Amino acid sequence: MAIRKIAVVGHPILRTVARRLTREELLSEPIQRFIDDLVETMRDANGAGLAAIQVYEPVQICAIEVKDNPRYPYKPNVPLTVLVNPEITPISAETFENFEGCLSVPDLRGVVDRVTEIRVRAWDRHANEIDQVVRGLTAGTYQHEVDHLHGKLFLDRVRDTTTLCTWKEFERHHQASFAERARALVARFGS
Ligand code: NI
């Protein structure tokens, strides 16, 4: 396994649309090794998720995992999930304001609207079908990662640019109120 370099905003690869994988490609040795690297890189960087495109591989794979994450102390834990060729369908019109950051956008956070309840259809890393409903804060994480596979960054979805802040200023001025809203969401949806 190897830790990969993470592309940062301005690199054109982050603006490309990742290509879908066939079952044969997914199960191939190089792609399976690549998924190991993706997960290792996400964990090394304390990410809550990482998309293949962020490590210069424009294929439709992303990983999500939250395990007492120091970057996101208010996020509920999410077991390691690898999504291949994911498709998200909103199942509610309701949205919430999520304060997001991204490993490809160093030291910047901002408020983004995310749908509170989504249906996710994908393959797991072994090409087994995933069909699940994801709610609450965790639904925001899924939407953020799947956006990457379509060349989108959270920055594109920030409606009010006055919410943009560095991590230090987030902790000083915004974390307490956001954590309170996040906890209410987690209490309601369990995730
Ligand atoms: Ni990101």
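What follows is a friendly conversation about a predicted model of one protein chain.

Biologist: Let's start with the whole chain. How many helices and strands does the protein chain have, and what pattern do they follow?

Modeller: There are four helices and seven strands. Going along the sequence, the order is α-α-β-β-β-β-β-β-β-α-α.

Biologist: What makes you call the protein chain as compact as a globular protein of its length?

Modeller: We set its radius of gyration against the globule rule. The radius is 16 Å, and the rule gives 16 Å for 191 residues, so the chain is as compact as a globular protein of that length. Along its principal axes, the C-alpha trace spans about 45 × 35 × 30 Å.

Biologist: And what share of the residues is buried?

Modeller: Buried residues make up 52% of the 191.

Biologist: Now some single residues. Why is Gln-54 called buried?

Modeller: The cut-off for buried is under 20% relative accessible area. Gln-54 has 1%, so it counts as buried. You can find Gln-54 in the loop between strand S1 (49–51) and strand S2 (61–66).

Biologist: Which residues is Gln-54 in contact with, leaving aside its neighbours within four places in sequence?

Modeller: Among them are Lys-5, Ile-6, Ala-7, Cys-102, Glu-145 and His-148.

Biologist: How do you know whether Pro-86 is buried or exposed?

Modeller: We use the cut-off of 20% again. Pro-86 has 2% relative accessibility, so it counts as buried. Pro-86 lies in strand S3, and beyond its neighbours within four places in sequence it is in contact with Gln-60, Arg-121, Ala-122, Val-146 and Leu-149.

Biologist: How far is Pro-86 from Ala-7?

Modeller: The two are 79 residues apart in sequence, and their C-alpha atoms are 21 Å apart in space.

Biologist: Why is Asp-160 called partly exposed?

Modeller: Buried is under 20% and exposed is over 50%, with partly exposed in between. Asp-160 has 39% relative accessibility, so it counts as partly exposed. Asp-160 sits in the loop between H3 and helix H4 (167–189). Its C-alpha atom is 8.5 Å from that of Val-112, 48 residues away along the chain.

Biologist: Which residues lie nearest the centre of the largest cavity?

Modeller: Of the 18 lining residues, those are Ala-48, Tyr-72, Gly-101, His-144 and Glu-145. The lining divides into five nonpolar, nine polar and four charged residues.

Biologist: And what is the volume of the largest pocket, and which residues are closest to its centre?

Modeller: Its volume is about 230 Å³. Of the 13 residues that line it, the closest to the centre are Ile-88, Arg-114, Gln-143, Asp-147 and Arg-157. Strand S3 (78–90), strand S5 (105–115) and helix H3 (136–148) each supply at least two lining residues.

Biologist: How does the lining of the largest pocket divide?

Modeller: Into five nonpolar, three polar and five charged residues.

Terms used: Residues numbered from 1 in each chain as written. Predicted model: local features only at pLDDT ≥ 70, side-chain atom pairs only at ≥ 80, totals over all residues. Heavy atoms only, no water. 1 Å grid on protein atoms, 1.4 Å probe; cavity = no way out; pocket = protein on both sides within 12 Å on 5 of 7 lines; lining within 4 Å. Points joined across faces, edges and corners; volume = space filled by probe spheres on them. Nonpolar A, V, L, I, M, F, W, Y, C, P; charged D, E, K, R; others polar. Rg over C-alpha atoms; globule rule 2.2 N^0.38 Å. Buried < 20%, exposed > 50% of the residue type's maximum accessible area, 1.4 Å probe, protein only. Contact = heavy atoms within 4.5 Å.
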